[in-house]
Amino acid sequence: MADKEYKDIPKEMFEFANVGEKLSDKKFDTKPIGYFKDAWLRFRKNRASVFASVIILIIILYALLVPLFSIGKDTQLMDTYYAKKGPRNTWLRQFGIADGGVEREFSEKSLIFALGVGVAAADVEGKGGVVLSEGLENEYQPIIKINNETTKVGKTVYNAKIDTYLEVGFIYRNIEQSEYAKIVEWEKETGVKVLYPLIEKNQYNYDSEDANYWYKTESGNAVRINASGQAVRIPYSEDMVLEDNYKRDENGNAVYYEYVGGGTIETAQYRVRVLYYNYYHYLNGHEPNYIMGTDSQGYDLAYRIANGIQLSLMIAVFVSVINFIIGAIYGAIEGYYGGAIDLAMERIADILAGVPFIVVATLFQIHLAMKVGAIPSLLFAFVMTGWISTAANVRMQFYRFKNQEYVMAARTLGASDARIIWKHIFPNSLGTIITSSVLVIPNVIFSESMLSFLGIVNLGGAERTSLGTLLSDASSIWTNYPHLMIFPAIVISLLMICFNLFGNGLRDAFNPSLRGVED
Amino acid sequence: MAKYIVKRILLMLFTLFVITTICFMLVRILPRELPQDKNLQAVIEARWDALGYNEPLLVQYGIYLKNIITKWDFGTSWYISVMKPAWDVIIDRLLPTVLVNLYSLLFSIPIGIGFGVLAAIKKNKWQDSVISTLVMLFVSIPSYVYAFLVQYFLYFKLDWFPLNVYSLADAGGSWFTPKMFYSMIPAILALSFGVIAGLTRFTRAELTETLTSEYMLLARTKGLTRAQATTRHALKNAMVPIMPMIISSFIGILGGSLIIEQIFSIPGVGQLYMKAITLRDYDVFMMDSIFYTFVGLLAGIVVDISYGFIDPRIRMGER
C-alpha cells in the first residue's frame, strides 16, 4: 500500500524548499488589456468601420493637402470666364473623360460660330482662307465631336459635344503696353499663340463686343462677299471657307493691337484680342485643369470643396467637443447629487430639448450674425441644445454606479465628491459618450448643410465656404451644371456614411452587449 | 395611468409656455420693417399702435397671451398675406404638408417593415447583408440628395413627372385630385427613402431580438411552424417598440420637412417658415415656431403614452 510506505518519515528528511529566497508572484507574460485596448481590439475586427475610418482619413487629408498645394498657384483665384465649367484635365482628356465637354444641340448658325473659334485659332498669321476641316483638327477647336444631325421643325439640328473651356474662344482685353511686350516675349518662348488679329468694325461684324465674330456675317450668318459686293450666305459643309473680317493696315497685314488711351509708354493702353485659353495659360503658367470643374463664381471646385470640408468638419468637431464637456459636467452633477438638483436641472434640459433646432438656429442667426458673425452664432445654436443627449447619457450612468460598493468604499476612505465623480464614476460612461460624440459629427454636418441650403445661415465668402453653401449655390442652376451638385453631394454623403459607420463601430467596440441593436 | 397622462400634459404645457415666452421676447425686440406701399404703411402702423406693439415688452407679452386665450389670436401676418390672422395662414398651409408626408408614410411603412422582417428572418444570410448595407447607405445620405436624384432622373432624364408640385389652380382646385397626387410623387419618393431605411433598421433590430428569445423556443416546441411562431409571437412582440415609432412619425408629419418643401416648392408649413424669415413676418414666424415646438412635444408624449396602451406590461409613471 502506497500510504504505508510514507508513514513515519523522520523530521530530518524534510527541508525547506526555498529557504532564504524572496517569494513573489510571477509576472504575467502577457500585457494587461485595458478598457481602451479591449475596445480597439474589437474595433479592429469590424471591417466596415475600419474601412470607413480610412475613408474619413483620406477625406481629411484631401481637405488639408489640396489647399496646401494650391498656395502660390492661382487656383484659388476666381476666373469669371471659366465659371460653372465642367471637370477638365488635359491629361485625362485624351481618354475622353474630364474633357470639360457637354452635349448640346446646335443650329447651323451656332455650329459654324463654335467651329469658327477653332478655325480662327488655326489661322495664326491672320491670313484668312482656312478651310473648316483644317480648323476641325486644331487643338483649340471647341467642338469635340459632332454626333449626328436631325431635323427638327424643318431645321437641321446638330448634336455635338463642345468643350466649354475652349468655347469661350477669343475675348477683348485692354492691357498696358509693357504687358503686351511681355506676352509677345512669352509667345516666342513657349510657341503658344495668345494674341490674335483684331476685327474690323463694319457692317459685316455681327457683335463688336464678341471677339468670336471674326468672319463676315449678316445677322449672324456666315457670308461671302461676291464680285458685285453682295453678301451671299455660305451653307455649312466640311470644306467651307469662312471669309475673315480682320483689321488690316495699308500693307494688308493683320493688326494685333489698337491704341486706346494712356500717356506714357508704360501706361499706354492697348486693346488686344486674345485666345482666352492661351491667355489663361500665360497668366497662370498652366492650362486650365479643374478636375472637378469650377463653381458658380469661377473658383476651382476641388479647392472649394476642400475648403468646405475643412469648415464643416471644424464646426462639427468643435461642437462635438463642447457638447462632450458641457454634457459630461451637467450630467455628472445631475446624476451624482440627484434629488431636487436633478429635478430642477432635468426641467431646464427638458425645456431646451423642446425648442426645435431650426428655431434656435434661426433666432441666433437673426440676433447674433451681425454682431459676432455667422459661424460663431451657428456654433452657439449647435451648443445650445446639442449637449442634452450627452448629459442624459452621463446622468444614467451615474444613477447606475453611484450606489455601488466601490463608490461607498471610496467615500468611506474620504474621497471628495469631485474625486468620486471624475475618477470613479465618470470613466464608466466614457465609452458611451465618446460614441455619441462621434455620432454628433455627421448630424452637425447634415444640419449645417441643411441650414446653409435653406439660406438661414450664410457661410459663403471669398475666403471660405461650407459644403452646404456649395450645394445651395448650385441648387438653382445645377440642372445645367450637374457637376456643381454632384461633387459636393458625394462628399457630404460619403462623410455622413463613413462617420455613421465609424460611430457604430465605436459603439460596438465600447459596448459589445449593444452589438446589432441599432437605436 | 390617467394621472400620468395629466401630469405629462401639464408639464408639456409648461414647457411650451416657457419656450413661447423666450421666443416672444427674442422676436419682439427685433426691429420691424414697414412695407414699401405708403397707404399700407399708414394702416399697418395704426394697427401696430392699436395692438400695443409700441408698449413695453412685458405689456406686449401680456396682450399676446390675453389674445391667445380669449380670442385664439396668434397675431397677424403683415407681409405674407397682408392682415390675415397668423393662425389662419398656418392652417391654410397645413394640408399640403400633411398630405405629402402622409402619402410618404403610407408608402414607406409597409415597405420598411417588410424589408426589416425579411432581414431579420434571413439574419446573417446574403439577403440580410444586402439589406443592412443598403440601409446603412440610405440612412446616412441626406434627404436633399435624394430630392436631387429624384428630380434628375424622373424629370430631366425620363420626364415622367413635373419638376415641382403643381399649384392649386393647375391641379384643378383641390389638394385631392389625381393630378395633384401625380405631381407630388417625386416629393413623396424623396421623403420616403430615409423613412424606409430607418424603419427597416429598427424593425430588423427589434425582430432579431424577439426571434432569439425563449418564448420562441417554447412556441416551436409546442409544435408551431416557424412561420406561425414568427407571426404570432415574435412579430407581435417586436411591434411594441415599432408602433410608437410609427405613431410619432404620424405626428411628426405635421412638422413636415423644410428642405423637401423648399426643393419641390410645396406650399406647406416649412415653406411658410422660410418665407416668414425672409420677409421678416415676425408674427407668422412666432406662430410657426410655436407650432413646431408643440408638434415636437406632442410627439414625445404620445410615444410615451402609447407604450402603455400597446403593451399592458409597461406601467406608465413608475420608476
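1. Start with the largest nonpolar core. It has 118 residues, and A:Ile315, A:Ile358, A:Ile456, B:Phe264 and B:Tyr273 touch the most other members. A nonpolar core here is a set of buried Ala, Val, Leu, Ile, Met, Phe, Trp, Tyr and Cys residues joined through side-chain atoms within 4.5 Å. Buried means under 20% relative accessible area, exposed over 50%, and partly exposed in between (1.4 Å probe, protein chains only). Helix 16 (residues 482–510) of chain A gives the most to this core, with 13 residues. Helices (H or I, at least four residues) and strands (E, at least two) are DSSP runs, numbered from the N terminus.

2. A note on the basis. This is a predicted model: local features need pLDDT of at least 70, side-chain atom pairs count only at pLDDT 80 or more, and totals for chains, interfaces and linings use all residues. Residues are numbered from 1 along each chain as its sequence is written, chains are lettered from A and ligands numbered from 1 in the order in which they are written, and side-chain values use heavy atoms, leaving out hydrogens and water.

3. Look at A:Ile358. Neighbours within four places in sequence aside, A:Ile358 is in contact with A:Met450, A:Leu451, A:Leu454, A:Ile456, B:Leu258 and B:Tyr273. Contact means heavy atoms within 4.5 Å.

4. Now A:Glu448. This residue sits in helix 14 (residues 417–454) of chain A. A:Glu448 is buried, with a relative accessible area of 1%. Its side chain makes a polar contact of 3.1 Å with that of A:Ser312. A polar contact is a pair of N or O atoms within 3.5 Å; within protein, one must be able to donate a hydrogen and the other to accept it, and residues adjacent in sequence count only if both atoms are side-chain atoms.

5. Chain A has an open sheet of three strands, order 1-3-2, with antiparallel pairing. Its edge strands are strand 1 (101–106) and strand 2 (143–152), each pairing on one side only. Two strands pair if DSSP finds at least two bridges between them. Strand 2 and strand 3 (residues 155–163) of chain A pair over eight bridges. A:Ile146 stands opposite A:Ala160 in strand 3 of chain A.

6. Finally, the interface. Chain B brings 41 residues to the contact and chain A 35 residues. About 3,300 Å² is buried between chain B and chain A, with carbon and sulfur atoms giving 79%. Buried area is the accessible area (1.4 Å probe) that two parts lose on being put together, summed over both.
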